[in-house]
Amino acid sequence: GSIKLNAGYIVFDFKKNIATAEGIVDSAGTESQRPTFIDGDNQFSYNKLRYNFKSQKGFVYNTYTQEGDLYVQGSETKFISAESDSTSDYDQIFNQNAIITSCNLDHPHFGIRAQKLKIVPEQLAVLGPARLEIADIPTPLILPFGFFPLVQGKSSGLIFPDNYEYSQQWGFGLQNIGYYFA
């Protein structure tokens with residue numbers, strides 16, 4: 001079908017319908033031929049994968065993927081295909097210990113770290129209790145939950161201020177805040 005699996009080392013267990021894939025580590029300890037899993041428009045890079053072709057569910061470890069303008073990294077990820085789940089019309093991705101960011105580096109400088117993150121590709125990302133993290137340092141800013149739209153194109157929404165001002169008379173204030181209608 002639309003599923004492709006590329007890796008330096010792949011093992012198929014035809015009795016259990018499970019594929020396990022990993023990259024190749026040389027004697028210097030550097031990894032090459034890092035595994036990549038492609039399902040339609042979704043593409044994941046990771047360190048290790050276990051995927052059941054019969055149930056169309058898989059576990060991926062140390063994932064790195066792009067969803068819209070955001071990048072998502074998770075220590076353990078579960079992928080559930082819409083074809084295998086009778087309760088949902090969409091693919092679903094569940095992450096544990098994930099960071100969602102707009103930084104495209106392998107080790108991002110900033111992001112929002114959540115213990116649980118659910119992604120519906122090309123639609124939205126929902127996260128549970130999360131904390132803003134800058135340079136691997138957790139900040140005291142905690143979000144009880146969050147919704148991130150992953151839809152491409154124009155959308156309406158809140159325009160966050162890009163500048164704060166201080167006035168002797170009025171104190172601290174926000175500047176250039178508003179709402180945009182697409």
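On a 1 Å grid over the protein atoms alone, a pocket is an open set of points with protein on both sides within 12 Å along at least five of seven lines, whereas a cavity is a set of points where a 1.4 Å probe fits but cannot get out; lining residues have an atom within 4 Å of a point. Grid points are joined across faces, edges and corners, and the space filled by probe spheres set on the points gives the volume. The model is predicted, so local features need pLDDT of at least 70 and side-chain atom pairs count only at pLDDT 80 or more, while totals for chains, interfaces and linings use all residues. Residues are numbered from 1 along each chain as its sequence is written, and side-chain values use heavy atoms, with hydrogens and water left out.

**Exercise 1.** Determine which strand gives the most to the lining of the largest cavity.

*Solution.* Step 1: the whole structure contains 2 cavities of 30 Å³ or more, and the largest has about 50 Å³ of space. Step 2: two or more lining residues come from each of β8 (48-52), β9 (57-67) and β10 (70-80). Step 3: β9 gives the most, with 4 residues. Step 4: the lining has 7 nonpolar, 3 polar and no charged residues.

**Exercise 2.** Classify the ring pair formed by Phe12 and Phe14, and state how accessible each residue is.

*Solution.* Step 1: rings of Phe, Tyr and Trp (its six-membered ring) pair if their centres lie within 6.5 Å; planes under 30 degrees apart count as stacked, over 60 as edge-to-face and the rest as tilted. Step 2: the structure holds 7 aromatic pairs. In the pair of Phe12 and Phe14, the centres are 5.8 Å apart and the planes 15° apart, a stacked arrangement. Step 3: Phe12 has 43% relative accessibility and therefore counts as partly exposed, whereas Phe14, at 70%, counts as exposed (buried is under 20% relative accessible area, exposed over 50%, partly exposed in between, with a 1.4 Å probe and protein chains only). Step 4: ring pairs link Phe12 and Phe14 with Tyr51 and Phe53 into a cluster.

Methods
Nonpolar A, V, L, I, M, F, W, Y, C, P; charged D, E, K, R; others polar.
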